[in-house]
Amino acid sequence: MKDRIIPEFLRKYWINYLWGAIFLFLGVYIATLSPKYLGTIIDLLKAPIIDKGQVFNYIGLIILTALGVFATRYVWRYFIMGNARNMECFLRMEMLRHLQKMSVNFYNARKTGDLMAFAVNDIGAVRMSFGPGVALILNGLGTSLLSVFSMVRIVHPKLTVFAMLPIPIIIFVMIRMGTTIRNRFRLVQKNFASISDRINENISGIRVTKTYVQEDDEVSRFDILNNQMKQSNLDLIRVSSLMGPLIQLFFGICFMINLIYGSSLVKAHEITLGDFVAFNGYLTMIMWPVISIGRIINVFQRGMASYRRLEEIFSVKPEILDGAASNPEEEQEKLEGSLEIRNLSFAYPGHSEYALKDINIKLEKGQILGIIGRTGSGKTTLVNLLLKLYNVEPGKILIDGRDINDYSLKTLRENIGYVPQDNFLFSATIQDNIRYFSDQFSDDEIEDASKISMIYDNIMEFPARFDTRVGERGVNLSGGQKQRISIARAVIKKPAIYILDDALSAVDTQTEEAILNNLKEEMEGHTGIIIAHRISALRHADEIIVLDHGRIEERGSHEELIKKDGLYHELFREQYGIETRESWEDEE
Amino acid sequence: MKNNSLMRLLKRALPYWKIILLCMLCVLLVNMAELYKPLIMERVIDDFLIGSKPERGLYSITGMGIIYLLLIAVSSGLTVFQVNAINHVGQSIVTDLRRTVFSHIQRMPLSVLDKYSSGRLITRATNDVEALSELFTDVIIDLFRDVFLLAGIIIIMLSLDIQLALIGFTVIPFIALITNIIKKKMKANFIAIKSLTGRINGFFAENIAGMKLVQIFNMQKDKENEFQVLNNKYYAASLTRLKLNSILRPSIEIFNTLAIALLVWYGMGRIINRSLDLGVLYAFTNYIKQFFAPINDLAEKYNTIQSAVVSADRVYELLDQKDSLEDYDSGIQVGRLEGSIEFKNVWFAYNEGEWVLKDVSFRIEKGQTAAFVGATGSGKTTIINLISRFYQVQKGEILIDGININDINLRDLRRNISVVLQDVFLYSGSIRDNITLNTPMSEEEVQRALELSCADTFIQELPNKLDEPVSERGSTFSAGQRQLLAFARTIAHDPSIFVLDEATANIDTKTEKLIQKSIENVSTGRTTLIVAHRLSTIRHADVIFIIRKGRIVEKGNHETLMELGGYYSRLNAV
């Protein structure tokens with residue numbers, strides 16, 4: 001339904017273009033009167049006895065046409081350009097809405113930069129087509145048609161034909177040269193982008209550069225790009241500098257033809273001196289639309305390419321939808337949190353091998369499940385499915401005994417407190433990051449959540465405390481601090497199910513212990529899933545499953561698993577060395 | 001300040017004064033041709049069309065036509081030459097400036113770099129410099145051209161007919177007034193739109209990056225509302241811009257027409273009493289039209305100058321931070337250091353008054369391995385930052401081989417120290433480039449480095465082995481693999497001091513084992529400092545420092561610290 005988003009907009013607002021076009025043509029018509037009036041004045045002045053009253057009339061008319069052009073121009077610009085601005089904002093809003101419905105899978109396949117380009121460049125280019133582009137075409141067509149018409153009708157048909165002879169050549173040259181210019185311009189842009197990338201890379205790696213004293217080498221590497229940039233710019237200039245003078249030259253021929261042939265017509269009394277002057281005026285009027293041909297082609301080429309890209313992106317259907325049997329209105333808001341996974345196998349879209357195979361888990365309300373395994377064993381995949389970031393076959397995952405697909409996404413996700421692996425924070429205040437921009441939490445709740453996640457003391461040390469901004473324009477937080485804020489964000493929801501996806505990896509072991517102890521209390525009566533690389537993070541788990549290549553390789557309590565001498569034992573040995581085994585067991 | 005940076009920029013054009021002068025000469029000639037064109041018309045009308053003077057040779061309608069075309073041809077040629085020449089100058093200056101900015105960034109110390117976001121630095125070297133290129137290519141010559149054209153028109157008009165000229169000029173003050181008022185509004189609007197665009201882009205970038213969270217935490221509606229506010233503001237601002245644009249240019253046209261009307265009205269009386277030729281009046285209407293073109297143009301250049309001034313200020317603000325630049329030339333040349341390290345009562349703060357290290361003293365003998373252990377934010381990473389002189393200590397001193405590191409030539413100091421950070425950075429290029437880093441190195445040396453660092457196993461599996469390209473900062477390699485490559489890099493460059501910030505997360509245990517082995521190999525025969533997170537790493541250290549809140553609270557080896565029964569022994573009890 002959303003795939004024809006621009007036509008939909010145009011259907012709604014086409015009337016603006018109609019009004020715009022009407023006023024534009026009106027304006028053009030008024031403008032073409034002006035040279036004729038000036039010509040008439042010349043003729044009046046040339047007469048042996050000057051009719052002053054008539055001259056005054058025409059002076060008045062010239063002023064009126066100028067005012068008319070001004071007024072109509074204001075109106076049509078408002079309709080056409082304003083409509084395009086409206087379209088721009090409309091598209092950007094729709095883009096956001098659309099992006100918000102897209103699945104993780106969609107984002108995995110695309111770079112942030114590319115998606116940004118849709119929202120910024122492509123929408124901008126479409127606006128240029130539907131605003132200035134449309135205006136240039138209408139104005140150009142109107143002006144040249146009416147001017148030529150006036151030349152033929154008012155002045156002299158044959159003179160018109162002769163004087164216009166060079167114009168097809170100009171148009172041909174402009175179109176040919178336009179292509180070359182566009183290609184060279186693209187090269188300039190490409191070089192510009194690689195310079196940006198180069199600097200970006202350099203700044204990210206500045207420590208390494210400094211450590212290995214690579215500064216001079218970096219400058220030489222930069223020089224290569226820098227000189228390419230210069231060269232491509234000069235190549236572009238070499239062609240583009242021809243454009244203006246060539247147009248001048250060809251129009252010069254037009255004016256020369258009028259000068260020679262037109263004058264002879266005046267002398268032969270076929271046309272008046274005023275006609276001759278008016279003709280010059282019309283030629284000048286035609287110049288402008290011809291010059292803008294290059295720009296029109298440019299604007300529309302880019303606009304249409306962007307239009308197609310936008311249509312394509314808008315036509316991507318959301319993959320993950322509310323379950324068919326779900327009814328957000330009727331659902332109870334709080335789930336109990338018991339969880340069952342039955343024979344779950346899963347392969348990522350477009351992949352043949354299974355990321356998860358035959359997973360069976362049963363978790364009662366209040367139990368804590370620990371998941372451990374090497375990188376790529378399927379831990380995060382499992383979490384992605386629980387959050388329904390990918391589609392899940394019916395009957396495989398049940399929450400409170402009901403299929404996950406029978407819940408709305410909102411209810412499902414509202415009841416899960418998720419702490420992601422990558423600790424992403426919005427550039428907003430710490431407070432907003434913890435209560436995730438919703439108003440339903442009090443200051444006390446925010447404080448409590450931050451105490452549980454052991455970030456409270458850090459926050460109190462910041463100048464603006466909870467109102468401290470994070471990110472680009474605010475304080476820089478360490479990885480561990482970000483993780484703890486992410487934990488607070490999950491805790492504040494008091495969700496039915498906690499999911500911690502390697503959420504303590506960047507905090508030191510002591511803080512980890514403190515947080516885990518706090519969480520144990522907090523999770524009393526809630527279901528929990530803790531994924532970790534470090535065995536130490538799983539100490540409170542009722543059951544631990546060991547994932548390997550998407551299968552549950554081993555399961556049981558810590559003690560049971562240690563005795564098995566399998567993968568878990570191996571992981572344990574790697575992390576602690578065999579000799580610490582006793583101290584661990586002592587503590588348990 | 002503002003004019004200052006603009007003047008300094010213009011000074012960069014001085015070496016090119018000959019070309020610039022030549023360009024100005026071209027512009028002058030083109031201007032003259034431009035000014036002469038209406039006079040040809042005037043001649044044709046007055047001498048041949050109204051009067052009936054005899055046509056002889058070039059003094060004829062055809063002759064005038066040919067002169068007219070020749071003038072245009074010559075001025076077109078001159079224009080092409082001039083545009084190319086001036087762009088050559090502009091591009092040379094800008095390329096040079098871009099290089100200066102880039103080199104400058106290379107020399108900036110981390111303490112200053114930390115304060116800049118990478119986006120800002122990129123903007124300085126790209127967009128800001130680009131904005132300046134227009135200053136050289138367009139503004140300088142165009143200003144000259146417009147001013148001379150204007151002066152030329154005024155002179156010709158005055159010499160043709162003083163009274164008519166003065167009447168034509170009466171509208172100028174009105175135009176100046178209107179332009180001034182609208183330009184002021186446009187500037188405010190321009191700034192508003194720029195800031196809104198930045199915020200909209202930022203909003204999208206952030207929400208795309210964090211979309212998973214937005215969805216998981218059901219923030220869609222809130223984010224939409226947040227954006228709606230931004231979007232509406234932007235729409236309003238862009239409409240204002242539209243309206244201002246609709247008024248500015250056309251209003252000049254109106255005054256243009258008014259001027260012509262005035263001329264005709266006044267000229268009429270004089271034509272009646274034969275004191276004015278009709279051709280002159282017609283030429284005047286042409287000059288009046290030409291008169292407003294340079295004014296229009298000057299007004300348009302105003303924007304370019306405006307943004308050039310902003311960019312120039314920003315570029316010079318960066319380039320002016322000369323005091324803090326790292327100095328690679330002075331200092332004691334040391335060659336290869338032995339590698340003993342001593343901190344003597346070191347105090348350090350990133351921000352004034354917030355001490356991160358408080359009175360830290362310790363000594364590491366050459367060849368020893370030292371582990372630094374402590375909570376996040378305790379200051380352990382800071383210690384390793386200081387050794388490479390990435391930051392300056394405020395109190396106390398750091399000695400390597402008994403020499404204060406501030407006295408050692410910076411280049412030599414850093415060549416002797418290899419730092420591997422948690423998140424390993426790889427340059428785009430090949431794996432080989434990343435190991436040799438432009439230093440000439442034999443194949444054996446590279447191979448040896450790979451073997452010792454245990455990186456050879458995974459490199460053997462790559463299709464192009466050592467020449468496998470590294471794309472997007474090594475994102476195709478796992479964190480563990482990147483770390484192994486960093487170790488290979490270290491071994492290949494054979495520093496006397498090896499500094500490691502041990503990675504904490506997301507390394508699978510198999511690679512983890514390789515890393516442990518690799519660290520052992522790298523640290524052999526080198527003074528090694530590790531910010532450690534693994535007990536196994538710590539246990540192998542000759543000396544362990546426990547850092548709490550910027551102070552060393554315990555030091556010793558594993559055994560002595562276990563006996564001590566302090567923080568370290570508790571840590572081990574986990």
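Colleague: Which residues touch the most other members of the largest nonpolar core?

Modeller: This is a predicted model, where local features need pLDDT of at least 70, side-chain atom pairs count only at pLDDT 80 or more, and totals for chains, interfaces and linings use all residues. Residues are numbered from 1 along each chain as its sequence is written, chains are lettered from A and ligands numbered from 1 in the order written, and side-chain values use heavy atoms, with hydrogens and water left out. A nonpolar core is a set of buried Ala, Val, Leu, Ile, Met, Phe, Trp, Tyr and Cys residues joined through side-chain atoms within 4.5 Å; buried means under 20% relative accessible area, exposed over 50%, partly exposed in between (1.4 Å probe, protein chains only). The largest core has 175 residues, and those touching the most other members are Leu45(A), Phe276(A), Phe343(B) and Ile400(B).

Colleague: Which helix gives the most to this core?

Modeller: Helices (H or I, at least four residues) and strands (E, at least two) are DSSP runs, numbered from the N terminus. With 18 residues, the top contributor is helix H10 (residues 278-319) of chain B.

Colleague: Which residues is Leu45(A) in contact with, leaving aside its neighbours within four places in sequence?

Modeller: Contact means heavy atoms within 4.5 Å. On that rule, the partners of Leu45(A) are Ile50(A), Val55(A), Val264(B), Met268(B), Ile271(B), Leu278(B) and Leu281(B).

Colleague: How many residues are in the second, separate core?

Modeller: Its members include Leu96(A), Leu138(A), Ile446(A) and Val214(B). The count for this second core is 136 residues.

Colleague: What area is buried between chain A and chain B?

Modeller: Start with the contacts: 137 residues of chain A meet 140 residues of chain B. Buried area is the accessible area (1.4 Å probe) that two parts lose on being put together, summed over both. Carbon and sulfur atoms give 66% of it, and the total is about 13100 Å².

Colleague: Which three residues supply more of the area that chain A buries against chain B than any other three?

Modeller: Their share is 6% of what chain A buries against chain B. The three are Gln100(A), Arg207(A) and Tyr212(A).

Colleague: How many salt bridges does the rule find across the interface of chain A and chain B?

Modeller: A salt bridge is a side-chain nitrogen of Lys or Arg within 4 Å of a carboxyl oxygen of Asp or Glu. Arg97(A) and Glu224(B) meet in a salt bridge at 2.8 Å, N to O. Across the interface, the rule finds four.

Colleague: Which helix gives the largest share of the side of chain A that touches chain B?

Modeller: It supplies 30 residues of that side. The element is helix H8 (residues 215-267) of chain A.

Colleague: Is Ser251(B) buried or exposed?

Modeller: Ser251(B) sits in helix H9 (residues 220-272) of chain B. It touches Phe70(A) and Ile178(B), not counting residues up to four places away in sequence. A polar atom of its side chain lies 2.8 Å from the backbone oxygen of Leu248(B). Because its relative accessibility is 6%, Ser251(B) counts as buried.

Colleague: How far apart in space are Ile170(A) and Phe251(A), C-alpha to C-alpha?

Modeller: Ile170(A) lies in helix H6 (residues 166-204) of chain A. Its relative accessible area is 1%, so Ile170(A) is buried. Beyond four places in sequence, its contacts are Ile247(A), Phe250(A), Phe251(A) and Val290(A). Ile170(A) and Phe251(A) are 81 residues apart in sequence, yet the distance in space is 8.4 Å.

Colleague: Why does the salt bridge of Glu218(A) and Arg198(A) tie together parts that are apart in sequence?

Modeller: The two side chains meet at 3.3 Å, N to O, and both residues are buried. The pair ties together parts 20 residues apart in sequence because Glu218(A) lies in helix H8 of chain A and Arg198(A) in helix H6 of chain A.

Colleague: What is the phi of Asp358(A)?

Modeller: Most residues other than glycine have a negative phi. Asp358(A) is in strand S2 (residues 356-363) of chain A. At 40% relative accessibility, Asp358(A) is partly exposed. It is not a glycine, yet its phi is positive, at about 50 degrees.

Colleague: Where is Arg389(B) placed?

Modeller: Arg389(B) also has a positive phi, near 60 degrees, in a residue other than glycine. With a relative accessible area of 14%, Arg389(B) is buried. Its place is the loop between helix H11 (380-387) and strand S4 (395-400) of chain B.

How values were computed. Polar contact = N/O pair within 3.5 Å; in protein donor to acceptor, adjacent residues only side chain to side chain.
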